[in-house]
Amino acid sequence: MLEFIANATRGAVFSRTIRIPIRTAITRALVLNKVDDLELRDIDVVEPFTENDVRIDIHKVGICGSDIHYYSHGCIPPFYLNEPMILGHEASGVVTEVGKNVHHLKVGDRVCMEPGVPDFQSKASLSGMYNLDKNVRFWATPPPQYATQINHSASPWKAGHGCLRPSVVHPAALTFKLPDNVSLEVGALVEPLAVGMHAATKAKIRPGDTAVVLGAGPIGMVTILSALAGGCARVLVSDLSEVKLDIAKQLAPGKIFGFPVDQGEEVNEMQKLLQDHGADVVFECAGHHEAAVNAVRIAAIGGRVVLVGCASKPVPLEVGMMQFYLSVIPVEDVKVNSLSYIRDTFYNALKTVIFGMTGYPIHTKELSMTGIFRYAGVYPAAINLLASGAIDLNPIISKHWQFKDSVHAFDFARNAPLDCVKNIIHVRD
């Protein structure tokens with residue numbers, strides 16, 4: 001057994017040195033050596049075990065899009081793969097060892113784990129936004145350069161190892177017991193569900209609201225479920241794939257309406273269903289710059305827009321559209337039915353928005369927009385909703401894999417058919 005010596009500073013008053021016992025072991029794991037080089041092999045893993053930790057036998061792990069992105073590209077800026085890293089962060093398992101300060105868990109408990117571990121003394125953590133702590137160590141995520149507490153040569157967390165291995169050590173405070181009626185497979189998916197829950201919480205949903213979700217991938221689907229559980233009466237969802245839209249609609253028949261993406265025409269079709277009132281809340285889950293622009297278009301007066309996806313290009317946000325929108329005059333209602341009249345009316349109205357001129361039909365919009373990064377404080381609520389049956393994640397579990405077939409599972413997920421939502425790897429039967 002080794003010791004890891006850490007300097008912990010609390011404010012500017014004093015600092016102290018903490019000696020943490022470390023266990024070093026060779027374990028079988030799914031290791032990303034470099035881009036396009038994924039291997040199930042033995043690897044040395046160094047893990048501190050404190051009085052506040054638990055050891056967990058991993059049973060089920062979901063494959064996330066971020067895992068696939070690291071496999072294909074080696075980075076999700078500002079997180080760059082610099083050394084071999086174990087993949088996986090959506091997990092459930094069984095407790096096998098408990099630190100002496102842990103009282104809410106015992107050996108044998110079935111659990112799921114929140115994979116991001118912050119500096120609990122940081123300003124972000126103490127303000128309740130621990131997901132934004134710059135020194136969060138997150139499973140299967142290389143620490144960024146600015147994370148100086150964990151990104152140095154002596155740090156046991158420098159590699160950013162994930163949980164696709166037989167056993168992990170984790171803080172008990174971020175380990176949650178699963179109810180008897182929630183399976184380990186579903187327990188592994190509490191992690192992506194937490195993203196949707198955090199988005200729904202930030203959206204400040206009111207009972208009876210109408211939501212629009214742009215993008216019907218796994219995160220889009222858990223956001224749909226979270227919006228309905230949060231009080232939305234109906235959800236309109238758009239996606240390039242009609243297959244995914246059909247899956248999404250089956251999550252809550254009669255409450256979810258699908259719209260195939262068609263160069264922005266889907267927004268017009270949504271507005272017809274909404275009788276041109278717009279949506280109370282809009283979630284951008286596609287991670288596409290054009291979808292982010294459409295989120296502003298479809299939002300109602302006083303609407304809330306939540307950016308969930310990570311756009312690969314800068315988003316050309318039209319701030320004016322967040323303050324105003326144009327009343328579109330149907331052609332049949334225009335007394336002088338000529339193209340020149342319609343053109344001049346549109347351009348003059350546009351000048352009204354941009355330059356503040358008056359005399360044309362505009363309405364204030366006063367949109368609120370926020371982004372989210374992962375989640376904070378939503379695991380207990382997510383587990384309660386699963387236990388009550390208010391949310392059912394079983395329909396999005398598409399395929400199961402054995403641990404020995406993990407590389408094949410990732411190759412499949414990298415080019416998965418459209419009807420495949422979530423893949424689950426069974427580390428243990």
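Biologist: In strand 8, which residue is the bridge partner of K60?

Modeller: The model is a predicted one. Strand 4 covers residues 53-62, and strand 8 covers residues 90-98. These two strands pair in the antiparallel sense over eight bridges. Within strand 8, the bridge partner of K60 is S92.

Biologist: Which residue of strand 23 does K60 stand opposite?

Modeller: Strand 23 comprises residues 422-426. Strand 4 and strand 23 run antiparallel and are joined by three bridges. The residue of strand 23 that stands opposite K60 is H426.

Biologist: What is the bridge partner of D57 in strand 12?

Modeller: Strand 12 spans residues 167-171. Five bridges join strand 12 to strand 4, and the two run antiparallel. In strand 12, the partner of D57 is S167.

Biologist: How many of the ten residues of strand 4 are buried?

Modeller: Strand 4 has bridges to strand 12, to strand 8 and to strand 23. Strand 4 is described as largely enclosed by the rest of the structure because its buried residues number nine of the ten.

Biologist: Within what arc do the buried residues of helix 1 fall, seen down its axis?

Modeller: Helix 1 runs over residues 65-73, and its buried residues are D67, I68, Y70 and Y71. These residues line one face of the helix, because the arc that holds them, seen down the axis, is 160°.

Biologist: Is D36 buried, partly exposed or exposed?

Modeller: D36 is found in the loop between strand 2 (14-34) and strand 3 (37-48). Its phi is near 65°, a positive value in a residue other than glycine. The relative accessibility of D36 is 47%, so the residue counts as partly exposed.

Biologist: Is D276 buried or exposed?

Modeller: D276 lies in the loop between helix 7 (265-273) and strand 17 (279-284). D276 is not glycine, yet its phi is positive, near 65°. Exposed requires over 50% relative accessible area. With a relative accessibility of 60%, D276 counts as exposed.

Biologist: What is the omega of the peptide bond from P77 to P78?

Modeller: Most peptide bonds are trans. P78 is placed in the loop between strand 5 (75-76) and strand 6 (79-80). The bond from P77 to P78 is cis, and its omega is near 10°.

Biologist: What distance separates the C-alpha atoms of L189 and C64?

Modeller: L189 sits in the loop between helix 3 (184-188) and helix 4 (190-202). L189 is buried, with a relative accessible area of 1%. Leaving out residues up to four places away in sequence, L189 touches E90, L393, I396, I397, K422 and I424. L189 and C64 are 125 residues apart along the chain, and their C-alpha atoms are separated by 9.8 Å.

Biologist: What is the relative accessible area of S226?

Modeller: S226 belongs to helix 5 (residues 218-229). Beyond its neighbours within four places in sequence, S226 is in contact with L193, G196, M197, A200 and I391. S226 is buried, and its relative accessible area is 1%.

Biologist: How many of the ten residues of helix 8 are buried?

Modeller: Helix 8 covers residues 289-298. Its buried residues are H289, A291, A292, V293, N294, A295, V296 and I298. Helix 8 is largely enclosed by the rest of the structure, because the buried count is eight of the ten.

Biologist: What is the volume of the largest cavity?

Modeller: A search of the whole structure finds one cavity of 30 Å³ or more. The residues lining the largest cavity are E114, G116, P118, Y130, N131, V136, F138, R374 and Y375. The volume of this largest cavity is about 70 Å³.

Biologist: How many contacts does the model have for residues 349-363, beyond near neighbours in sequence?

Modeller: The protein chain averages a pLDDT of 87, and 83% of the residues score at least 70. Over residues 349-363, however, the pLDDT is below 50. Where pLDDT is low, the predicted coordinates should not be read in detail. Beyond near neighbours in sequence, the number of contacts in the model for residues 349-363 is 24.

Technical notes: Residues numbered from 1 in each chain as written. Predicted model: local features only at pLDDT ≥ 70, side-chain atom pairs only at ≥ 80, totals over all residues. Heavy atoms only, no water. Buried < 20%, exposed > 50% of the residue type's maximum accessible area, 1.4 Å probe, protein only. Helix = DSSP H or I, 4+ residues; strand = E, 2+ residues; numbered from the N terminus. Arc of directions from axis to C-beta. Pairing = 2+ DSSP bridges. pLDDT = per-residue confidence, 0-100. Contact = heavy atoms within 4.5 Å. 1 Å grid on protein atoms, 1.4 Å probe; cavity = no way out; pocket = protein on both sides within 12 Å on 5 of 7 lines; lining within 4 Å. Points joined across faces, edges and corners; volume = space filled by probe spheres on them.
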